[in-house]
Amino acid sequence: MGKVGIVGYSLTTFRDDADMSSDELVFVAASAALKDAGVDRGDLDAVSVASIDAYDGITISNGWTAPAGGGYGKDATRIQGGGVAAVMSAYASILSGAAELALVAGGDSVRFDDTVTSNASYDVFFNRPIPLFNLSSYALLATSLLRSGAATEEDFAMVAAKNYRDGAGNPWAHVRAGYSIGDVASSPMACWPLRSLEIAPCSKGACALVLASERKARELSDNPVWISGIAGGSTPCFGSWAETMEMKGLRRAITRSYRMAGIGNPAKDVDAFEIFSPAAPFELAYYEPLGLCGKGGAPELLRGGVTSGSGALPVNPSGGALCTNPGNCGGVYRVASALNFLRDHEGARRAVVQDSDINLGIMGETYHVMVVEKERA
Amino acid sequence: MSTPQVMKKEYNMHLDFSLPLGKAYTKWMQALKEKKILGNTCGKCGRIFVPAKPFCEICFEEPREWVELDGRGIVESFTVCFEKFRNCPDPPYVVGIIRIGDAATCMTHFIGGLAYQRPEEIPGQIRIGMAVEPVWAEDRTGDPLDIAYFRPVK
Amino acid sequence: MEKKAAVIGIGYTTYCSNRKETRSKADLAYEAVRNALDMVGLSIGDIDASVYTSVDGFEATVRPARMLEAFGQGLNIPLVDVNTGGSAGGSGFKEAVHMIEAGLHDIVLLYGAPTFNNVVDNQQVLNTASPPVFEKPFGIGAVHMGAFYAARYMREHGIEEYDYARVASKNHRAAVKNPHAHLRHGFSPEEVLESPMVTWPIRLYECCPTSSGAVAMILASGGRAKELCDTPVWVRAISSIADTFLSGFKVYRDFDKLKILAKKVYEKAGIRNPLKDFDVAELFNPFAPFELMEYDALGFCEEGKSVSLLRDGVTEIDGELPVNMSGGVVCTNSGISSAVNRHAEIALQLMGKAEGRQVKSPEVGLAHSWGGNMGQFHTLAVLTL
C-alpha cells in the first residue's frame, strides 16, 4: 500500500468568540496551511471539510466552508464524524489515486448551545425527551467509573488540572488559566459527579492540514510526516450499558491503527497521544484501551505524573479538549497538536491521535484513531 | 382486517445561533444602511464582488479594494412564486438573480414594482437582461432587506 | 483501466408518500440493508465499514445515523457520515469507492437515508439550506432554486413550456413500469401542463414529490467482488465538483460546473462520445427541466439542443441512450436516498435486474447527483460491466 504524508498545516489561536465568519476563518487556516506546505490552491486536487451542520448554523454548511478550504471548482466533500474521519477521507482519496494533494479543514465561528445541539442528536422517542444530552451522558459514564472503583473524584480533578497546566503553556490553546486541582475540585457541580471545570468549553478557531501522496510529499519535504495507521470503530446507541462502558468501537479503532503502524508496545513505540476527552473521566478511561496500562491502572499512571506534558508518556500535552474544544475542527486541531509536539520535541518521532464524535454525547458514537510519524526523528 | 395503527410523534429541532459576520460582510451590510451598494475587488483577477466577499474563491486572496456602485443592475434569472410555503412570503412574489453593475457575482433579491392584472402575466413582464434599480426601505438596519426590492428601470 | 471497486448488491424498500409512511427510520434502514445483504448472501458481520448519507437539518436530528443500529454498529463496524446536501449520495458512493481502492476496506455498505420522510412542509425545510442573511430571507426553497435554472434556460434557447412538460411526462411514464417508484400516474404532457404553476416556470407535475423510502448498496474490492457476485458492476471513474456558496458567478443558463466535471470523469473513464459510449444514464432531475440542461452539460448534444434529443426519442427506452428509466427524482424523491438511487439504478440495469424498466444489454452507465444551495455540488460516476 502507498503512503500519505502531511506536508503542511496551520491553526489559529482558539478563543471564546470568533470575530470572523466561518468561511473567513477556514480561509485563513487553509491559506496558511497551503503556504506552510509550499503549494497553492491551484495545486490542490481535493478538499475534505470536517464539520456538522448544527455547529455552523446552516443546513449543508460545507457549502460555505468548502470554497473557503480552496474547494471552488474542485472535488470537495464533507465528513461529519470528526476531524480524523475527514483526514481518512482525504487519505483514501490520495491512496485511491483520485488526488495527489488534498486539504483537510474545519472552523468554528458560530455560537450555539452545545447541550441543546447534543440533545437534538438523540433519538426522538426515548432519549431526547428525558432530556439526554452530552454532559448528562458523560456524567453517566463518570458515575460508572466511580462506583466500580476504577477512579475517584480526586482522579477526575487531577487529570483536569494536568490538562490545564499543559494548556497554560500552549500558545494556541483557548483556556490558559492553568486551573489547579483545588480550583477544579471547588468549581460548581455541573452534572453530578462532573464539576464545571471537568468539562470542555466551546472554542472558536480553525485548523487545516495539507496531505500529499508519497511522491508529492518527498518533493515538498525532506523529512515528511507519514500517516502510518488509521482506523475507525463504532458503538451501538441502544446496546447494553456494559457495551457502552467497554467501548469496543474505540478498541477496534486503536487495535487496527496500531497494527497498520506496527505499534506493538505503545508505551515504547509512541512519543505522545492527543486524545479527545471532552470531560475529565474519558482520558482516564482511555489509558487502558490505548495500551498505556493494564485494567485499573489508569489512576496510578496519572498520579505518577507519567502522562503529563513533561512526563514519560505525554497524553494531551496540548492541554486536551478541556483547554481547547472546537466542535467542527477539534479532530483536525488534535492532529495539528500532535504535529506541533513532533516538531517541538527533539527525538520525538511518533504520535497517536484519537478522535470521536462524543461532543454530541456517548452511545451511538464513532471513534477514529490515526498514527503519525516522522520519517526520521 | 384493518391496517395496523402506528403511533406518530411530532417533533422539531429548534437551535439558536449567533454568527459573527466578519470584516467584509459587516462593511457591506453597514453601507446598505446609508443606501450604498459596495463591492470589493480581487487584486489578482480584478473581479468585483457584490455582495462583498472575505476572499476570492478563484485566486484565494483577500479582496482589498472597495468600490461603490450606483445600484443599477440587470436580471440574469428570476422566478415568480405562486404557491404559499411556511415561513415564505405570500404569493405571488418574484425573486431575481441580479448582477449589479460590473460585478462578477450576482445577488438574490425581490423584484417588485411590476404592473399586472393577473399574477399569470408577471413572467411575461420580466426579461432576461432587464435593467433594474434598488428601492430602499424606510427603516434600514444593515441587512440585505434594507433594499426593499429591485424595480424595472423606466 | 483498473477494476478495483464494484457494486455487488442493492437493497431497496418500497417508496410511498411521506404522509402515508408508517415505517420508522429504523424500519427503513433495516429493510434496505437486509435486502442488500440478502441479494449478495452476506451477513452484517461481513461488512468492514458503513457510509451513511443524509442532510441532518432536513431530518431535524443532529447526526441521525448515531441513533440507527442497522449499519453494524453492534459489531463495532465504523460508520462514516457524509453530508454534502443533495449530492451526498454521490459523495458517499465516492467515499465507499475510495476506501476500497485505497485498500482500507474490502466490503463497504452505503446507505441513502429517507431524509424527508418526517417533514411537514418540505420547501420550508429546504429554505433552511439557503444562506442565512444573504439569500434565506427571500423565501427560496429548492423549487425556487430549480426555477432560476429552468427560467434562464428556457429564455436563452427558446424552449417551450410543452417541452418541459414532455420531459416530465417521459419520466412519469417510465415510473409506471418501475415497482420502486413513488409516483406512478404516467402523466401525459397535457396533464403536466394543466397542473398548477408552483413557481414559474415549474409546474407541479414537473416537480419532485416528497417520498419516503431508502436504499442500501454493497460495494466490494476486486477479488471479493468476483467471488460474491456474477455480475459485479465496476466503478470506472467517480468525482465531484463544487461551486460558490451564494449565487456567486452563476447565471443559471447551464450547468457549467457539471460540464467541467464531465470532462474530467470522461477522460478518466475513456469516454469519447457520451451518446454512443453510454448505454444507460440516471440523471438527477428533481425538476424535470434539469434533465434537458443535463443533456447539454454532459455532451449528449450541442448546447441548447437538448429538446431535439427529447423529441426524437433518443432518451426513451428504445432510444440510443435511455435516460431515467426509473422515472427519476421527479417521480421518487426520498431525500438523499435519491442520490444513491441513481447509482443503484445503473447498477441494476447493468446487472440485468432492473425489473419492468430494463434497458437492452447495457454495459456502460452514467450516474449523476446534484445538490447544495443553488446547486452548488455535482457528482458523476461511470459504471461498467
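User: What is the hand of the crossing of α4(A) and α3(C)?

Analyst: The crossing of α4(A) and α3(C) is left-handed; the term applies if the near helix is turned anticlockwise from the far one by less than a right angle, and clockwise would be right-handed. This is a predicted model: local features need pLDDT of at least 70, side-chain atom pairs count only at pLDDT 80 or more, and totals for chains, interfaces and linings use all residues. Residues are numbered from 1 along each chain as written, chains are lettered from A and ligands numbered from 1 in written order, and side-chain values use heavy atoms, without hydrogens and water.

User: Which residues make the contact?

Analyst: Met88(A), Ser89(A), Ala92(A), Ser93(A) and Leu95(A) of α4(A) touch Glu95(C), His98(C), Met99(C) and Glu101(C) of α3(C), contact meaning heavy atoms within 4.5 Å.

User: How do you know which strands of the chain B sheet are edges?

Analyst: The open sheet has 3 strands in the order β2-β1-β3 (chain B), paired antiparallel; pairing takes at least two DSSP bridges. In chain B, β2 (48–49) and β3 (65–69) each have a single partner strand, so one side of each lacks a neighbour in the sheet and they stand at the edges. Strand β1 (residues 37–41) of chain B is joined to β3(B) by 5 bridges, and Thr41(B) has Glu65(B) as its bridge partner in β3(B). Helix α1 (residues 22–33) of chain B packs on the sheet and touches β1 and β3 of chain B.

User: How many helices and strands does chain B have?

Analyst: Chain B has 2 helices and 8 strands, counted as DSSP runs from the N terminus (helices H or I, at least four residues; strands E, at least two).

User: Why is chain B called more spread out than a compact globule?

Analyst: The radius of gyration of chain B is 20 Å, well over the 15 Å from the globule rule for 154 residues, so the chain is more spread out than a compact globule. That radius is taken over C-alpha atoms, and the rule is 2.2 Å times the number of residues to the power 0.38. The C-alpha trace of chain B spans about 75 × 40 × 30 Å along its principal axes.

Technical notes: Axes are lines fitted to C-alpha atoms, for helices over the stretch in contact, and angles run from 0 to 180 degrees between N-to-C directions.
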